[in-house]
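Here is a brief report on one structure.

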Amino acid sequence: MCDVIDVEETNDPCNPNGGGNEDVLYYALLSDFVSIPLPPTSQTVLRDKFKITTVPVFKAGKFWREIQAKSNSVNSNYEPAGTSGMKAAKLAFALSANNPDGHALYNIGDGNTPYVFLTKPNSLPEGQYEIIGSFKHKATMTATKAGGTPEGDAAMYNFEVKATQKFLVLYSGTVQTAPSA
């Protein structure tokens, strides 16, 4: 395990690709969960205070849904949300408008329905994700459609997920997806 991060060099010897997010992300409706663990802020090691290592519990027949986003379109950002110490988590991604799953996701992106999302920044080790949304800090998603051009530029569904969270929280564990048929 590489714990060294050289803050003076632009090259991190532990992870040479320190930017951007992977193009695959996961989501579930908040109502699909029985429980979503909160980070153990009582931990004595600072970095462990904001990491969930307990697997969320789904209701029977529910699971994470995988999204293959448009290449290089997944972007997660955090910024202060007022003066309360909260963070505004923002996740943006795009799907081609000819993607049937994108069409369905576009239609349910109403800005009200609560979700939970997992996204994987390239800077995180394998099996670790940023988790956006929980029972306490609900994430909502809005969607817009950008039409293509007659010359062949593809129409795109653009999604934005927002949640006001106290912390940037990492999830380290398995991602339970639909069983293979």
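## Pockets and cavity

The second largest pocket has a volume of about 240 Å³. A pocket here is an open set of points on a 1 Å grid over the protein atoms alone, with protein on both sides within 12 Å along at least five of seven lines. The model is predicted: local features need pLDDT of at least 70, side-chain atom pairs count only at pLDDT 80 or more, and totals for chains, interfaces and linings use all residues. Residues are numbered from 1 along each chain as its sequence is written, and side-chain values use heavy atoms, with hydrogens and water left out.

The lining of this second largest pocket comprises 15 residues. Leu-38, Pro-39, His-137, Phe-167 and Val-169 lie nearest its centre. Lining residues have an atom within 4 Å of a point. By class, eight are nonpolar, five polar and two charged. Nonpolar covers Ala, Val, Leu, Ile, Met, Phe, Trp, Tyr, Cys and Pro; charged covers Asp, Glu, Lys and Arg; the others, Gly among them, are polar.

What of enclosed space? Rolling a probe the size of a water molecule over the atoms shows where empty space is left. A cavity is a set of points where a 1.4 Å probe fits but cannot get out. One cavity of 30 Å³ or more is counted. About 30 Å³ of space lies in the largest cavity. Volume means the space filled by probe spheres set on the points, which are joined across faces, edges and corners. Val-55, Pro-56, Phe-58, Trp-64, Tyr-171, Thr-174, Val-175 and Gln-176 form the lining of the largest cavity. Six of the lining residues are nonpolar and two polar, with no charged residues.

## Salt bridges

How many salt bridges are there? The count is four. The criterion is a side-chain nitrogen of Lys or Arg within 4 Å of a carboxyl oxygen of Asp or Glu.

| Pair | Closest N to O distance |
|---|---|
| Lys-62 and Asp-32 | 4.0 Å |
| Lys-90 and Glu-79 | 3.2 Å |

Lys-62 forms a salt bridge with Asp-32. Lys-62 lies in the loop between strand S4 (57-58) and S5, and Asp-32 in the loop between strand S1 (24-29) and strand S2 (33-35), so the pair ties together parts that are 30 residues apart in sequence. Strands are DSSP runs (E, at least two residues), numbered from the N terminus. Lys-62 is partly exposed at 33% relative accessible area. Asp-32 is buried at 3%. Buried means under 20%, exposed over 50%, partly exposed in between (1.4 Å probe, protein chains only). Asp-32, Lys-62 and Arg-65 are linked in a network of salt bridges.

Lys-90 pairs with Glu-79. Lys-90 sits in strand S7 (residues 87-96) and Glu-79 in strand S6, so this bridge ties together parts eleven residues apart in sequence. Lys-90 is partly exposed at 25%, and Glu-79 is partly exposed at 36%.

In the remaining pair of the table, Glu-160 is partly exposed at 32%. Lys-162 is partly exposed at 40%.

## Two single residues

Asn-72 has a positive phi of about 60°, although it is not a glycine. Asn-72 is in the loop between strand S5 (65-68) and strand S6 (75-80). Its relative accessibility is 72%, so Asn-72 counts as exposed.

Ser-35 lies in strand S2 and is partly exposed at 29%. Leaving out residues up to four places away in sequence, Ser-35 touches Pro-56, Val-57 and Phe-135. Contact means heavy atoms within 4.5 Å.

Terms used
Helix = DSSP H or I, 4+ residues; strand = E, 2+ residues; numbered from the N terminus.
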